[in-house]
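The following note was prepared for a colleague who wishes to read the model alongside its sequence. Please keep both in view while going through the points.

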Amino acid sequence: MLEHGINTYKEDTSIVSVKTAAVGIPFFIGAWPCHTGKGYTGKPQYVTSFSEGRELGGYSAEWRTAEGKPKWSLCQALYAHFVLMAMSPAVFYNIFDPAKHKKTVPETEYAVTDHAVLLDSDTIDSEKLMVKAGENTLVRDVDFEAFYNGKGFCIELLEDGGSYGAETLSVAYETADLSSITAEDVELAVEAVEMCGSVAGVVPDLICAPGWSSDPTVAAVMAAKAPSINGIFRGKAVVDIDSSKNGASDYSRVLAVKNGGGFTSEDMIVCWPMVKSGDYLFDLSVIVCGMIAKVDSGNADCPYESPSNKDLAITGTVNAEGEEINITLPQADMLSITDGVVTVLNNNGWVLWGNYLACFPKISDVAKMFICTSRTQDWLCNTFVNTYRQYIDKPLNPPLRDAIINSFNIWLSGLTAEGKLYGGEIEYRSELNPVTSLMEGKFRLDTKAASPVPAQRIDMHIEYSVDMLEAAMNS
């Protein structure tokens, strides 16, 4: 280096920019008819619009079987999140595999209309498709074309083919069979949230399995995974209480089903009952995910505000059989305040109702019982990890320590100034960092932060004023 002249040097910035963690992004688990889309299965799909989701996974309005069991449940989540709630994005994980979950339909005769036969959309377009006109086996792309047209699987006779005028066709094919998909498959799929960071580029903070989460075992697995996504990120499981005849088909059974099924985790948002919009029936969990995303988005992606008492575009409340449920204000308060359940209320318009996580009232810690305070703490933790894991394996020294403390305190102060925190501070305490830990390359920072609690009750006391009466009459 020259000793005579001028030189420049680049140093690391002492204040690092805080990388705010993603918030209000649901991870939906279930099945979609991917054989009518691009066929994705067993891999998280990051979706930003309804049309994109339909292209990736196909679409069917048959969200449940005739027996009320979940069928194309991801289509319900797709419609609820992007159409009903008008939110984006979301991550979808499909457990339906058309190569595995299928059955063979034997040769059956169908009437031809306008030179075509229309099978339902569960039909799988595979090499097992066989089409015959009388005794003649037809050749694809010579005698007929086969395709999904939005209404089903269409077999259309070609004018140049040998059977264009056929009045009936005999068809054998494979069709989707979801009866072999079990709760255990869903439980295993919960682990796929670990893949989202590397595959989808985001780490969701809401885990939702519509139609399946009312199973206590599934709900427990979701709640166990939620606070330890990739071992470092925190989220919440959004689950439903069974509203069928075997569960809580009316208000009086909710608490018994909740406690009996172990729906009591501090990392679980419990929802009841189902809701409807027109002819569509929704598990409330997908609506709650959409509302959380909407409220977070309206607050610059900060989860400090409760989703409760926000307007919903629904037309009623029902149980799993589709029977109407009427929830009064005292009942809604009992469900939310006593039972720790998120419900809905028609209060001159439908709103979501309830601020508590499933652990309430057993746990009354303000940081753990409210949805908004607990999610804010999750978000602060996720943001810390997201920002400062770049510092792992750098030299442990005062500049590194101070860079973290200074930048995080600046960020916390900004949130406080915006009213998103009552206050927040991070510090290094020497008495909590013994030299033995420092020698192992470990140090600890302690943070205190308080976010707003929901204004659950506002009281106004009124007294009749005799003085005002007297003054008025003597004026």
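The numbered points below go from the overall fold to strands, salt bridges, cysteines and the surface.

1. Overall composition. The model is predicted, and this should be kept in mind for every value quoted here. The chain comprises 13 helices and 21 strands. Its C-alpha atoms occupy a box of roughly 100 × 90 × 50 Å along the principal axes. Of the 475 residues of the chain, 49% count as buried.

2. The three-stranded sheet. Strands β5, β10 and β9 make up an open sheet in the order β5-β10-β9, and the pairing is antiparallel. β5 (116-119) and β9 (144-148) are at the edges; each has a single partner strand, so one side of each lacks a neighbour in the sheet. From one strand to the next, the twist averages 15°.

3. Pairing within that sheet. Four bridges connect β5 to strand β10 (residues 153-157) in the antiparallel sense.

4. Strand β7 and its partners. Strand β7 (residues 130-133) runs antiparallel to strand β11 (residues 168-176), and three bridges join the two. Val131 has Val171 in β11 as its bridge partner. β7 also pairs with strand β8 (residues 136-137), again in the antiparallel sense, over two bridges. Here Lys132 stands opposite Thr137 in β8.

5. The hairpin turn. β7 and β8 form a hairpin with two residues between the strands. Which residue of this hairpin takes a positive phi? Gly134 does, with a value near 65°.

6. Salt bridges in general. Side chains of opposite charge can pair when their charged atoms come close. The count in this model comes to 20 salt bridges. Among the residues involved, Glu62, Lys71 and Asp122 are linked in a network. The next three points take up individual pairs.

7. Arg64 and Asp283. These two side chains form a salt bridge in which the closest N and O atoms are 3.3 Å apart. The pair links distant parts of the chain, 219 residues apart: Arg64 belongs to the loop between α1 (50-57) and α2 (73-84), and Asp283 to the loop between β16 (280-282) and α7 (284-298). Asp283 counts as buried because its relative accessibility is 8%, and the cut-off for that class is under 20%.

8. Lys236 and Asp267. A salt bridge joins Lys236 to Asp267, with 3.5 Å between the closest N and O atoms. Distant parts of the chain are again linked, here 31 residues apart: Lys236 is in strand β13 (residues 236-240), whereas Asp267 is in the loop between α6 (254-260) and β14 (268-271).

9. Glu323 and Lys245. The side chains of Glu323 and Lys245 meet in a salt bridge with an N to O distance of 2.9 Å. The two residues are 78 residues apart in the chain: Glu323 is in the loop between β17 (316-318) and α8 (329-338), and Lys245 is in the loop between β13 and α6. Glu323 counts as partly exposed, at 36% relative accessibility.

10. Cysteines. How many disulfides does the structure hold? It holds zero disulfides. Cys34 is buried, with a relative accessible area of 0%. Cys302 is likewise in no disulfide, and the nearest cysteine sulfur to it, that of Cys372, is 10 Å away. Cys302 counts as buried, at 2% relative accessibility.

11. A nonpolar surface patch. Tyr464, Val466, Leu469 and Met473 form a nonpolar patch on the surface, and together they have about 480 Å² of accessible area. Val466, one of these residues, is found in helix α13 (residues 466-473). With a relative accessible area of 53%, Val466 is exposed; the class applies because the value is over 50%.

Note on methods: Residues are numbered from 1 along each chain as its sequence is written. This is a predicted model: local features need pLDDT of at least 70, side-chain atom pairs count only at pLDDT 80 or more; totals for chains, interfaces and linings use all residues. Side-chain values use heavy atoms; hydrogens and water are left out. Patches are made of residues with over 30% relative accessible area and no salt bridge: like charges are joined within 9 Å, nonpolar side chains (Val, Leu, Ile, Met, Phe, Trp, Tyr) within 5 Å. Accessible areas come from the Shrake-Rupley method with a 1.4 Å probe; for residues, only the protein chains shown count as cover. A salt bridge is a side-chain nitrogen of Lys or Arg within 4 Å of a carboxyl oxygen of Asp or Glu. Buried means under 20% relative accessible area, exposed over 50%, partly exposed in between (1.4 Å probe, protein chains only). A disulfide is a pair of cysteine sulfur atoms within 2.5 Å. Two strands pair if DSSP finds at least two bridges between them. Axes are lines fitted to C-alpha atoms, for helices over the stretch in contact, and angles run from 0 to 180 degrees between N-to-C directions.
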